[in-house]
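Subject: Structure for you to look at

Hello,

Here is the structure I said I would pass on. Please open it first, then read the notes below it.

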Amino acid sequence: MSSYKVLDVNDDLPIRTKGAVHSGKVRSVYWLTDEDSARLIAEKGYNVPAGTELAIMVISDRISAFDCIWQGENGLNGVPGKGIALNSVAAHWFTLFDEAGLAGNHIVDIPHPYVWIVRKASTVRVEAIARQYITGSMWRDYAKGIRNFCAIELPEGLQANQKLPELLITPSTKGIITGLDDVPAVDDVNISRKNITDNLEAFNFKSEDDVAKYEQLLAQGFELISAELAKLDQIFVDTKFEFGYIQDTDGQEKLIYIDEVGTPDSSRIWDGPAYRDGKIIENSKEGFRQLLINNVPDSDVLLNKDRMAEREALAQNYQLPVDVMMSVSETYVGIASKIVGKTLDIPADPRAEVIAILDSQYGLIENS
(Lines give C-alpha, C1' and ligand atoms only; values in the text may rest on other atoms or scores of the structure.)
Protein backbone atom coordinates (compact mmCIF):
# COMPACT_ATOMS: atom_id res chain seq x y z
CA MET A 1 0.00 0.00 0.00
CA SER A 2 3.03 2.28 0.41
CA SER A 3 2.96 3.04 -3.35
CA TYR A 4 -0.27 4.98 -2.83
CA LYS A 5 -0.34 8.74 -2.80
CA VAL A 6 -1.96 10.13 0.30
CA LEU A 7 -4.26 13.15 0.15
CA ASP A 8 -2.44 15.24 2.73
CA VAL A 9 -3.26 18.69 1.33
CA ASN A 10 -6.99 19.07 0.66
CA ASP A 11 -7.64 22.82 0.80
CA ASP A 12 -6.12 23.85 -2.54
CA LEU A 13 -8.31 21.98 -5.04
CA PRO A 14 -9.42 24.10 -8.03
CA ILE A 15 -13.09 24.06 -6.99
CA ARG A 16 -15.22 27.12 -7.79
CA THR A 17 -16.21 28.60 -4.41
CA LYS A 18 -17.91 31.45 -2.63
CA GLY A 19 -15.43 32.85 -0.13
CA ALA A 20 -12.41 31.23 1.47
CA VAL A 21 -11.95 27.50 1.91
CA HIS A 22 -12.38 26.41 5.53
CA SER A 23 -9.53 24.07 6.39
CA GLY A 24 -9.97 21.87 9.45
CA LYS A 25 -7.61 19.30 10.95
CA VAL A 26 -8.94 16.55 8.70
CA ARG A 27 -11.65 17.99 6.42
CA SER A 28 -11.74 21.06 4.19
CA VAL A 29 -15.01 22.75 3.25
CA TYR A 30 -15.57 24.57 -0.06
CA TRP A 31 -18.81 26.61 -0.03
CA LEU A 32 -20.28 26.60 -3.53
CA THR A 33 -21.52 29.70 -5.30
CA ASP A 34 -25.28 30.24 -5.05
CA GLU A 35 -25.50 29.50 -8.78
CA ASP A 36 -23.72 26.16 -8.46
CA SER A 37 -25.78 25.18 -5.41
CA ALA A 38 -29.03 25.95 -7.24
CA ARG A 39 -27.84 24.18 -10.41
CA LEU A 40 -26.85 20.98 -8.58
CA ILE A 41 -30.09 20.90 -6.56
CA ALA A 42 -32.02 21.10 -9.84
CA GLU A 43 -29.77 18.75 -11.87
CA LYS A 44 -29.32 16.07 -9.21
CA GLY A 45 -32.74 16.30 -7.60
CA TYR A 46 -31.41 16.72 -4.07
CA ASN A 47 -34.13 16.56 -1.44
CA VAL A 48 -33.45 20.01 0.02
CA PRO A 49 -35.34 23.33 -0.18
CA ALA A 50 -34.52 25.67 -3.08
CA GLY A 51 -31.95 28.19 -1.92
CA THR A 52 -30.10 25.71 0.29
CA GLU A 53 -26.36 26.41 0.45
CA LEU A 54 -24.20 23.43 -0.49
CA ALA A 55 -20.54 22.74 0.16
CA ILE A 56 -17.97 20.26 -1.06
CA MET A 57 -16.36 18.58 1.95
CA VAL A 58 -13.05 16.91 1.11
CA ILE A 59 -11.45 14.60 3.66
CA SER A 60 -7.68 14.22 3.90
CA ASP A 61 -5.44 11.37 5.01
CA ARG A 62 -3.73 13.61 7.58
CA ILE A 63 -3.62 12.34 11.13
CA SER A 64 -4.02 14.62 14.12
CA ALA A 65 -3.52 13.78 17.77
CA PHE A 66 -3.08 15.97 20.84
CA ASP A 67 -4.30 18.93 18.71
CA CYS A 68 -1.40 18.62 16.24
CA ILE A 69 -0.89 17.14 12.76
CA TRP A 70 1.80 14.43 12.51
CA GLN A 71 4.01 13.45 9.56
CA GLY A 72 5.79 10.33 8.40
CA GLU A 73 9.20 9.84 6.84
CA ASN A 74 9.79 9.86 3.08
CA GLY A 75 7.06 12.46 2.55
CA LEU A 76 4.31 10.12 3.74
CA ASN A 77 2.43 12.96 5.42
CA GLY A 78 -0.74 11.01 5.97
CA VAL A 79 -2.14 7.53 6.55
CA PRO A 80 -3.00 5.67 3.31
CA GLY A 81 -6.72 4.93 3.16
CA LYS A 82 -7.58 6.86 6.32
CA GLY A 83 -9.86 9.37 4.58
CA ILE A 84 -11.82 6.65 2.82
CA ALA A 85 -12.05 4.65 6.04
CA LEU A 86 -13.57 7.58 7.96
CA ASN A 87 -15.99 8.61 5.21
CA SER A 88 -17.12 5.04 4.52
CA VAL A 89 -17.80 4.29 8.18
CA ALA A 90 -19.65 7.56 8.86
CA ALA A 91 -21.81 7.20 5.73
CA HIS A 92 -22.60 3.58 6.73
CA TRP A 93 -23.83 4.63 10.18
CA PHE A 94 -25.79 7.58 8.75
CA THR A 95 -27.59 5.16 6.42
CA LEU A 96 -28.48 2.89 9.35
CA PHE A 97 -29.64 5.92 11.39
CA ASP A 98 -31.95 6.86 8.50
CA GLU A 99 -33.31 3.31 8.28
CA ALA A 100 -33.93 3.28 12.04
CA GLY A 101 -35.82 6.59 11.81
CA LEU A 102 -33.44 8.53 14.11
CA ALA A 103 -32.57 11.86 12.47
CA GLY A 104 -31.23 12.99 9.14
CA ASN A 105 -27.71 14.22 8.46
CA HIS A 106 -25.94 16.87 6.41
CA ILE A 107 -24.78 14.68 3.47
CA VAL A 108 -26.75 15.13 0.25
CA ASP A 109 -24.41 13.28 -2.13
CA ILE A 110 -21.17 11.26 -2.18
CA PRO A 111 -19.41 11.92 -5.51
CA HIS A 112 -16.23 10.06 -4.48
CA PRO A 113 -15.08 8.19 -1.35
CA TYR A 114 -13.02 11.24 -0.32
CA VAL A 115 -15.84 13.72 -0.97
CA TRP A 116 -19.23 14.58 0.47
CA ILE A 117 -21.60 17.23 -0.78
CA VAL A 118 -23.18 18.65 2.37
CA ARG A 119 -25.89 21.17 3.12
CA LYS A 120 -25.43 24.15 5.39
CA ALA A 121 -26.51 23.63 8.98
CA SER A 122 -26.57 25.98 11.95
CA THR A 123 -24.14 24.20 14.27
CA VAL A 124 -24.93 23.45 17.89
CA ARG A 125 -21.89 24.49 19.93
CA VAL A 126 -21.68 21.30 21.96
CA GLU A 127 -19.42 18.30 21.43
CA ALA A 128 -21.91 15.54 22.28
CA ILE A 129 -19.86 12.87 24.05
CA ALA A 130 -21.18 9.51 25.26
CA ARG A 131 -19.15 7.04 27.33
CA GLN A 132 -19.95 3.39 28.09
CA TYR A 133 -16.56 2.54 29.67
CA ILE A 134 -14.20 4.45 31.99
CA THR A 135 -10.90 4.96 30.20
CA GLY A 136 -8.62 7.65 28.79
CA SER A 137 -8.77 11.13 30.34
CA MET A 138 -11.81 10.20 32.43
CA TRP A 139 -9.93 7.31 34.04
CA ARG A 140 -6.84 9.48 34.61
CA ASP A 141 -9.00 12.03 36.46
CA TYR A 142 -10.90 9.34 38.38
CA ALA A 143 -7.61 7.77 39.49
CA LYS A 144 -6.63 11.18 40.91
CA GLY A 145 -9.77 11.16 43.06
CA ILE A 146 -12.17 13.17 40.88
CA ARG A 147 -15.71 11.77 41.04
CA ASN A 148 -17.75 14.57 39.43
CA PHE A 149 -17.82 14.66 35.62
CA CYS A 150 -20.05 17.22 33.88
CA ALA A 151 -22.12 17.39 37.12
CA ILE A 152 -22.57 13.59 37.11
CA GLU A 153 -21.31 11.82 40.25
CA LEU A 154 -19.49 8.53 39.65
CA PRO A 155 -19.48 5.78 42.28
CA GLU A 156 -16.39 4.68 44.21
CA GLY A 157 -14.50 1.53 43.35
CA LEU A 158 -14.45 1.67 39.54
CA GLN A 159 -11.52 -0.04 37.79
CA ALA A 160 -9.68 1.12 34.66
CA ASN A 161 -11.47 0.21 31.39
CA GLN A 162 -14.54 -1.26 33.11
CA LYS A 163 -18.06 -0.87 31.75
CA LEU A 164 -19.95 1.96 33.43
CA PRO A 165 -23.27 1.32 35.20
CA GLU A 166 -25.02 3.35 32.47
CA LEU A 167 -24.22 5.35 29.35
CA LEU A 168 -22.78 8.70 30.47
CA ILE A 169 -23.35 11.89 28.48
CA THR A 170 -20.39 14.20 29.18
CA PRO A 171 -20.62 17.21 26.83
CA SER A 172 -17.90 19.76 26.17
CA THR A 173 -17.81 23.09 24.35
CA LYS A 174 -17.38 23.22 20.58
CA GLY A 175 -15.16 26.22 20.03
CA ILE A 176 -14.55 28.98 22.56
CA ILE A 177 -17.73 30.32 24.16
CA THR A 178 -17.26 33.69 25.84
CA GLY A 179 -19.27 35.73 28.31
CA LEU A 180 -20.61 32.90 30.48
CA ASP A 181 -19.80 33.06 34.20
CA ASP A 182 -19.88 29.31 34.72
CA VAL A 183 -18.13 28.17 31.50
CA PRO A 184 -14.41 28.89 30.97
CA ALA A 185 -13.67 30.54 27.60
CA VAL A 186 -11.66 27.53 26.39
CA ASP A 187 -12.27 25.16 23.48
CA ASP A 188 -13.31 21.63 24.40
CA VAL A 189 -13.96 22.29 28.10
CA ASN A 190 -16.32 19.99 30.02
CA ILE A 191 -19.79 21.40 30.71
CA SER A 192 -22.92 20.25 32.51
CA ARG A 193 -26.42 19.91 31.17
CA LYS A 194 -27.39 22.89 33.36
CA ASN A 195 -24.65 25.01 31.73
CA ILE A 196 -26.38 24.33 28.40
CA THR A 197 -30.00 24.82 29.52
CA ASP A 198 -29.07 28.04 31.36
CA ASN A 199 -27.44 29.43 28.21
CA LEU A 200 -29.43 28.02 25.29
CA GLU A 201 -28.63 30.88 22.94
CA ALA A 202 -24.86 30.76 23.60
CA PHE A 203 -24.85 27.07 22.69
CA ASN A 204 -27.15 27.73 19.69
CA PHE A 205 -30.06 25.61 20.92
CA LYS A 206 -33.57 26.75 19.98
CA SER A 207 -35.28 25.29 23.08
CA GLU A 208 -34.73 23.23 26.20
CA ASP A 209 -36.66 20.41 24.50
CA ASP A 210 -33.92 20.30 21.87
CA VAL A 211 -31.30 19.65 24.58
CA ALA A 212 -33.29 16.56 25.54
CA LYS A 213 -33.59 15.75 21.81
CA TYR A 214 -29.82 15.83 21.20
CA GLU A 215 -29.27 13.60 24.24
CA GLN A 216 -31.87 11.16 22.91
CA LEU A 217 -30.31 11.14 19.42
CA LEU A 218 -26.85 10.67 20.93
CA ALA A 219 -27.98 7.74 23.10
CA GLN A 220 -29.99 6.11 20.29
CA GLY A 221 -27.13 6.48 17.83
CA PHE A 222 -24.69 5.10 20.38
CA GLU A 223 -26.89 2.07 21.06
CA LEU A 224 -27.36 1.34 17.36
CA ILE A 225 -23.62 1.47 16.59
CA SER A 226 -22.82 -0.48 19.75
CA ALA A 227 -25.23 -3.28 18.76
CA GLU A 228 -23.85 -3.43 15.20
CA LEU A 229 -20.23 -3.52 16.41
CA ALA A 230 -21.12 -6.25 18.90
CA LYS A 231 -22.06 -8.45 15.91
CA LEU A 232 -18.42 -8.05 14.81
CA ASP A 233 -17.22 -8.75 18.38
CA GLN A 234 -16.04 -5.16 18.71
CA ILE A 235 -16.81 -2.91 21.68
CA PHE A 236 -18.08 0.67 21.24
CA VAL A 237 -16.35 2.39 24.15
CA ASP A 238 -17.09 6.09 23.72
CA THR A 239 -17.82 8.56 20.96
CA LYS A 240 -18.38 12.17 19.97
CA PHE A 241 -21.30 13.33 17.81
CA GLU A 242 -22.13 16.82 16.54
CA PHE A 243 -25.53 18.32 15.75
CA GLY A 244 -26.97 21.21 13.79
CA TYR A 245 -30.25 22.71 12.57
CA ILE A 246 -31.53 22.71 9.01
CA GLN A 247 -34.69 23.86 7.24
CA ASP A 248 -36.56 20.87 5.89
CA THR A 249 -38.41 20.89 2.54
CA ASP A 250 -41.66 21.57 4.45
CA GLY A 251 -40.10 24.67 6.08
CA GLN A 252 -39.70 23.05 9.50
CA GLU A 253 -36.52 23.50 11.47
CA LYS A 254 -34.95 20.15 12.35
CA LEU A 255 -32.06 18.95 14.50
CA ILE A 256 -29.78 16.62 12.49
CA TYR A 257 -26.47 14.79 12.82
CA ILE A 258 -23.51 16.64 11.25
CA ASP A 259 -19.75 16.06 10.91
CA GLU A 260 -19.01 12.32 11.27
CA VAL A 261 -20.34 9.57 13.52
CA GLY A 262 -18.89 6.35 14.89
CA THR A 263 -15.53 6.58 13.12
CA PRO A 264 -12.14 5.44 14.43
CA ASP A 265 -11.25 9.16 14.73
CA SER A 266 -14.28 10.22 16.79
CA SER A 267 -14.72 7.04 18.83
CA ARG A 268 -12.85 4.40 20.77
CA ILE A 269 -13.44 0.86 19.50
CA TRP A 270 -11.94 -2.13 21.33
CA ASP A 271 -11.42 -5.67 20.14
CA GLY A 272 -13.89 -7.90 22.03
CA PRO A 273 -11.83 -11.11 22.36
CA ALA A 274 -8.79 -9.17 23.65
CA TYR A 275 -10.94 -7.28 26.19
CA ARG A 276 -12.35 -10.52 27.58
CA ASP A 277 -8.75 -11.68 27.90
CA GLY A 278 -7.89 -8.61 30.00
CA LYS A 279 -6.11 -6.73 27.20
CA ILE A 280 -6.97 -3.58 25.26
CA ILE A 281 -6.48 -3.62 21.48
CA GLU A 282 -7.52 -0.27 20.02
CA ASN A 283 -9.25 -0.28 16.63
CA SER A 284 -9.31 3.51 16.58
CA LYS A 285 -7.09 6.58 16.76
CA GLU A 286 -6.41 5.88 20.45
CA GLY A 287 -3.83 3.31 19.33
CA PHE A 288 -1.97 6.07 17.46
CA ARG A 289 -2.11 8.34 20.53
CA GLN A 290 -0.59 5.60 22.69
CA LEU A 291 2.05 4.96 20.03
CA LEU A 292 3.07 8.64 20.13
CA ILE A 293 3.17 8.67 23.94
CA ASN A 294 5.49 5.65 23.86
CA ASN A 295 7.75 6.94 21.08
CA VAL A 296 8.34 10.68 21.56
CA PRO A 297 11.31 11.69 23.73
CA ASP A 298 9.15 13.33 26.44
CA SER A 299 5.50 12.23 26.66
CA ASP A 300 4.61 15.06 29.08
CA VAL A 301 4.84 17.44 26.12
CA LEU A 302 1.82 15.61 24.62
CA LEU A 303 -0.22 15.49 27.83
CA ASN A 304 0.53 18.87 29.39
CA LYS A 305 -1.57 21.70 27.93
CA ASP A 306 0.90 24.24 29.36
CA ARG A 307 3.54 22.93 26.95
CA MET A 308 1.53 23.52 23.77
CA ALA A 309 4.26 25.56 22.03
CA GLU A 310 6.76 22.73 22.57
CA ARG A 311 4.18 20.22 21.37
CA GLU A 312 3.56 22.12 18.13
CA ALA A 313 7.31 22.35 17.50
CA LEU A 314 7.68 18.62 18.17
CA ALA A 315 4.85 17.75 15.75
CA GLN A 316 6.42 19.90 12.99
CA ASN A 317 9.86 18.33 13.34
CA TYR A 318 9.08 14.75 14.37
CA GLN A 319 8.73 12.19 11.58
CA LEU A 320 7.18 8.81 12.23
CA PRO A 321 8.69 5.76 10.50
CA VAL A 322 6.83 4.61 7.37
CA ASP A 323 6.04 1.23 8.95
CA VAL A 324 4.31 3.04 11.82
CA MET A 325 2.14 5.03 9.39
CA MET A 326 1.33 1.79 7.55
CA SER A 327 0.35 -0.01 10.76
CA VAL A 328 -2.02 2.86 11.55
CA SER A 329 -3.38 2.48 8.00
CA GLU A 330 -4.02 -1.21 8.64
CA THR A 331 -5.96 -0.35 11.80
CA TYR A 332 -8.19 2.22 10.05
CA VAL A 333 -8.75 0.30 6.83
CA GLY A 334 -9.18 -2.98 8.72
CA ILE A 335 -11.91 -1.81 11.09
CA ALA A 336 -13.65 0.16 8.31
CA SER A 337 -13.70 -2.89 6.02
CA LYS A 338 -15.24 -4.95 8.84
CA ILE A 339 -17.91 -2.34 9.53
CA VAL A 340 -18.99 -1.73 5.93
CA GLY A 341 -18.71 -5.43 5.07
CA LYS A 342 -16.35 -5.16 2.12
CA THR A 343 -12.71 -4.43 1.34
CA LEU A 344 -12.13 -0.72 0.80
CA ASP A 345 -10.83 0.26 -2.62
CA ILE A 346 -8.02 2.77 -2.00
CA PRO A 347 -7.28 4.95 -5.03
CA ALA A 348 -3.68 5.27 -6.21
CA ASP A 349 -4.07 9.05 -6.71
CA PRO A 350 -7.09 10.38 -4.81
CA ARG A 351 -6.46 14.03 -5.67
CA ALA A 352 -6.53 13.43 -9.43
CA GLU A 353 -9.66 11.27 -9.13
CA VAL A 354 -11.52 13.84 -7.03
CA ILE A 355 -10.75 16.67 -9.47
CA ALA A 356 -11.78 14.54 -12.48
CA ILE A 357 -15.16 13.57 -10.98
CA LEU A 358 -16.01 17.06 -9.70
CA ASP A 359 -15.21 18.35 -13.19
CA SER A 360 -16.90 15.80 -15.42
CA GLN A 361 -19.96 14.97 -13.29
CA TYR A 362 -20.54 18.14 -11.28
CA GLY A 363 -19.03 20.99 -13.34
CA LEU A 364 -17.32 22.56 -10.32
CA ILE A 365 -13.67 22.78 -11.40
CA GLU A 366 -12.21 26.14 -12.45
CA ASN A 367 -10.30 26.49 -15.74
CA SER A 368 -10.90 22.89 -16.74
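A nonpolar core is a set of buried Ala, Val, Leu, Ile, Met, Phe, Trp, Tyr and Cys residues joined through side-chain atoms within 4.5 Å. Buried here means under 20% relative accessible area. Please keep in mind that this is a predicted model.

The cores

The largest nonpolar core has 99 residues. Ile56, Trp70, Trp93, Phe97, Tyr214, Phe243 and Tyr257 have the most contacts inside this core. Helix α10, residues 322–340, supplies its largest share, 10 residues. The core lies between domain 1 (22–121 + 340–362) and domain 2 (123–277), because both give residues to it.

What does isoleucine 56 touch, leaving aside its neighbours within four places in sequence? Its contacts are Ile15, Ser28, Val29, Tyr30, Leu32, Val115, Trp116, Ile117, Leu358 and Leu364.

There is also a second, separate core of 8 residues, with Tyr142, Phe149, Leu154 and Leu164 among them.

Arginine 27

Arginine 27 sits in strand β2, which covers residues 27–31. Is this arginine buried or exposed? Its relative accessible area is 10%, so arginine 27 is buried, the limit being under 20%.

The side chains of arginine 27 and asparagine 87 are joined by a polar contact of 2.6 Å. Apart from neighbours within four places in sequence, arginine 27 is in contact with Asn10, His22, Met57, Val58, Ile59, Asn87, Trp116 and Glu260. From arginine 27 to aspartate 259 the C-alpha to C-alpha distance is 9.5 Å, while the two are 232 residues apart in sequence.

Regards

Technical notes: Residues numbered from 1 in each chain as written. Predicted model: local features only at pLDDT ≥ 70, side-chain atom pairs only at ≥ 80, totals over all residues. Heavy atoms only, no water. Buried < 20%, exposed > 50% of the residue type's maximum accessible area, 1.4 Å probe, protein only. Helix = DSSP H or I, 4+ residues; strand = E, 2+ residues; numbered from the N terminus. Domains from an automatic or database assignment. Contact = heavy atoms within 4.5 Å. Polar contact = N/O pair within 3.5 Å; in protein donor to acceptor, adjacent residues only side chain to side chain.
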